[in-house]
Amino acid sequence: LLRQLRTVARILSQRDRLGLSTGRQIFYVNLGGFDFHGELLRDQRVRLGSLDYALRYFDKVLGDLGLRENVVTFTASEFGRQLIANASAGTDHGWAGHQLVMGGAVQGGEIFGTLPPMDLSYERFARLGDGRAVEHIPDVSLEQFGCTLGKWFGLSASALRDIFPRIDNFYSDLNAAHQRGYLGFLRT
């Protein structure tokens with residue numbers, strides 16, 4: 001990940017020469033290896049340490065380039081994890097997940113959505129059968145997260161509705177939602 005972010009930083013440092021100084025671009029980088037079906041506690045510590053180091057580096061470089069206010073970095077994953085360990089000291093696929101967002105446009109210091117209670121015992125999840133917190137249904141959708149990012153990119157309400165056709169399930173008036181910034185974690 002660090003190598004990939006260094007490449008993005010080099011491209012951004014040459015943005016004027018490359019004709020990238022207007023509009024917004026998307027750079028996709030990848031750090032896999034979070035599918036911890038075994039040895040979660042050992043392996044996750046290493047992965048999260050790598051992620052932390054790379055994001056700190058990238059944030060510093062963006063600050064040095066004077067671009068921190070113009071760049072939003074975010075994570076994305078297609079699945080979450082169950083909350084109890086499997087027989088291999090890992091976790092299996094579950095629902096919901098957490099995403100990180102950083103950058104100068106981020107109105108940070110907030111958690112969007114409701115976290116599951118942390119006082120749930122292993123025995124309680126074991127009784128539920130598959131490790132999902134069935135009493136805690138996720139209350140923030142991928143559509144809301146995506147629309148918030150899309151609004152920052154300058155997309156209209158109609159374009160966002162085309163990209164996220166289920167967004168109306170989360171807002172009764174998309175135009176009003178568009179005006180209030182959806183989840184509100186980005187300044188536009």
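**View A. Arg187 counts as partly exposed, at 37% relative accessibility.** Here buried means under 20% relative accessible area, exposed means over 50%, and partly exposed lies in between (1.4 Å probe, protein chains only). The model is predicted: local features need pLDDT of at least 70, side-chain atom pairs count only at pLDDT 80 or more, and totals for chains, interfaces and linings use all residues. Residues are numbered from 1 along each chain as its sequence is written, and side-chain values use heavy atoms, leaving out hydrogens and water. Arg187 forms a salt bridge with Glu69, and their closest N and O atoms are 3.3 Å apart. This pair links distant parts of the chain, 118 residues apart. Arg187 sits in the segment after helix H7 (174-180), and Glu69 in the loop between H3 and strand E1 (72-74). A salt bridge is a side-chain nitrogen of Lys or Arg within 4 Å of a carboxyl oxygen of Asp or Glu. Helices (H or I, at least four residues) and strands (E, at least two) are DSSP runs, numbered from the N terminus.

**View B. Arg166 and Glu143 meet in a salt bridge.** The N to O distance is 2.6 Å. Arg166 lies in the loop between H6 and H7, and Glu143 in helix H5 (residues 142-152), so the pair ties together parts that are 23 residues apart in sequence. Glu143 is buried, at 7% relative accessibility.

View C. Arg56 is exposed, at 59% relative accessibility. Asp52 is partly exposed, with a relative accessible area of 38%. A search of the whole structure finds 5 salt bridges.

**View D. Helix H1 has a buried side and another side with exposed arginines.** H1 (residues 2-13) has 12 residues. From first C-alpha to last, H1 reaches 16 Å, close to the 16 Å expected at 1.5 Å a residue. The expected span is 1.5 Å times one less than the number of residues. Leu5, Val8, Ala9 and Leu12 are buried in H1. They cover an arc of only 100° around the axis, which puts them on the same side of H1. The arc is that of the directions from the helix axis to the C-beta atoms. On the other side of H1, Arg3 and Arg10 are exposed.

**View E. Thr73 is buried in strand E1.** Its relative accessible area is 16%. Neighbours within four places in sequence aside, Thr73 is in contact with Leu55, Phe58, Leu100, Val101 and Met102. Contact means heavy atoms within 4.5 Å.

**View F. Four residues make a nonpolar surface patch.** Ile26, Phe153, Leu155 and Ile163 form this patch of about 360 Å². Patches are made of residues with over 30% relative accessible area and no salt bridge: like charges are joined within 9 Å, nonpolar side chains (Val, Leu, Ile, Met, Phe, Trp, Tyr) within 5 Å. Accessible areas come from the Shrake-Rupley method with a 1.4 Å probe; for residues, only the protein chains shown count as cover. Ile163 is found in helix H6 (residues 157-163). Ile163 is partly exposed, at 47% relative accessibility.
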